[in-house]
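These are my notebook entries on the structure shown below.

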Amino acid sequence: MELTGVRTAGSSADVTLDSPTSRQEQQIRSLDYVKTIGTRYIIGSAVRTNSEGRESSIVIQYYDETEWEQHFKEAISNINGAYPVRENEIMLSEDALAQLGITDPTLQMEIPLAYSDKNGQQQRTFLLSGWFHSYTGTGMAFVSESYCTNAGYTLSENGTLSLTLEEMPGDFYQIQKDITLNDDQYFEGSVSMSSSNGSMMVMILLLVLFIVGSGYLLIYNVLYISISKDTRFYGLIKTIGTTQRQIRSLVKMQAFRFACIGIPVGILLAWAVSFVLVPLFLQQGYDQGRSSMDAVVFFHPAIFILSIIFSALTVWIACNTPAKAAASISPVEALRFQNFAPKKTKNRNSTNGGKLYVMAFHNVFGIKNGPSLYFCLFLWELSRF
């Protein structure tokens, strides 16, 4: 969800400031809670008319290295080539390529482009330095720093500072107090899910506690039911001299053997679900890679390692109480224990159930082997005559 928000916004930056002065830029760079500072220019746009007569525009921009590498790359995917370096190079999004009618792009291919910038209408042929997939739905083009320098673009007139802060939204309110703005200036900020007021962390914590509690109760109940069914067994082995400590060790050893089988199998199943089934369903459910929420799988070995440790500790803790219960079973109690399941009874409601022939019918056919039993009794009575 955080990745979706970044892709929809087109940047991972928290705050932007248009047309900053040199003094404002120096003040912002001196703030200790500002992590990264990127620079972007809006160069101009190229308006295209398709075969159906509809107009679409390609926004032409410039990003410095910080803005491209740390703020923008997270919002795009399928990057081919590299950011423009020379004045005649250009980088396009897949939407921009489609608007230009290019279906099979290649590096360094010629891109004739009619566009407008601060100096008016321009007609120029660029070399394609790369392309990428964006999620904003608009055509995007990027030019080099040398193009901006030769065209006369400056930060105070045409640029925007893009900032990431240590903590949102607290630092967003603080920077508005620390930096004095002009009348036509304002900080534009977006509070991402990762920098919200802690509600996301509370939800994650509650989810983790729910999973831990469910796992503990599941393992505890399985072990407890298993030991309850073996009450007679544990009582009998006590009669031959087995101590309570040995019975507890026996129960824990059984749980350990089951864990050695169950945990690896569970990890393999989790791997299959996480890396095969989930991406497959997401790929089908989110427009097969065109949506801002893609089937992106983030993996870290610590997740599986912590899962193994958690499962092992849960088994060890959950088997303590059943092990004590098994060790405390007395031989006398075990000998009295009969593990018979209660028989099911069936209630019948009828208007003629009180008649003798109905009662006789249910008595004969309502029990197992009833007809054969009563037939034998009938033959025995018959033989008496």
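**Entries**

I began with F281, which is exposed at a relative accessible area of 57%; exposed means over 50%, buried under 20%, and partly exposed in between, with a 1.4 Å probe and protein chains only. I note that this is a predicted model, where local features need pLDDT of at least 70 and side-chain atom pairs count only at pLDDT 80 or more, while totals for chains, interfaces and linings use all residues. Residues are numbered from 1 along each chain as its sequence is written, and side-chain values use heavy atoms, with hydrogens and water left out.

**Surface patch**

I placed F281 in helix 10 (residues 244-285); helices (H or I, at least four residues) and strands (E, at least two) are DSSP runs, numbered from the N terminus. I then found F281 in a nonpolar surface patch of about 640 Å², together with W271, V273, V276, L277, V278 and L280. Patches take residues with over 30% relative accessible area and no salt bridge, joining nonpolar side chains (Val, Leu, Ile, Met, Phe, Trp, Tyr) within 5 Å and like charges within 9 Å. The areas are Shrake-Rupley values with a 1.4 Å probe, for which only the protein chains shown count as cover of residues.

**Cysteines**

I searched for disulfides (cysteine sulfur pairs within 2.5 Å) and recorded 0. C148 is buried at 2% relative accessible area, whereas C260 is partly exposed at 43%.

**Contacts of I219**

I219 sits in helix 8 (residues 199-229) and is partly exposed, with 23% relative accessibility. Which residues does I219 touch, not counting those up to four places away in sequence? I listed T314, V315 and A318, a contact being heavy atoms within 4.5 Å. I also noted that I219 and I317 are 98 residues apart in sequence, with 9.5 Å from C-alpha to C-alpha.

**Salt bridges**

I counted 5 salt bridges, each a side-chain nitrogen of Lys or Arg within 4 Å of a carboxyl oxygen of Asp or Glu. One of them joins R40 to E67 at 2.7 Å, N to O. R40 belongs to strand 2 (residues 34-49) and E67 to helix 3 (residues 65-72), so this pair ties together parts 27 residues apart in sequence. Both R40 and E67 are buried.

I next looked at R29 and E25, whose side chains meet at 3.1 Å, N to O. Both lie in helix 2 (residues 22-29), 4 residues apart, about one turn of the helix. R29 is partly exposed at 46%.

Lastly, I recorded the salt bridge of E69 with K73, its closest N and O atoms 3.2 Å apart. E69 is partly exposed at 41%, and K73 is partly exposed at 32%.
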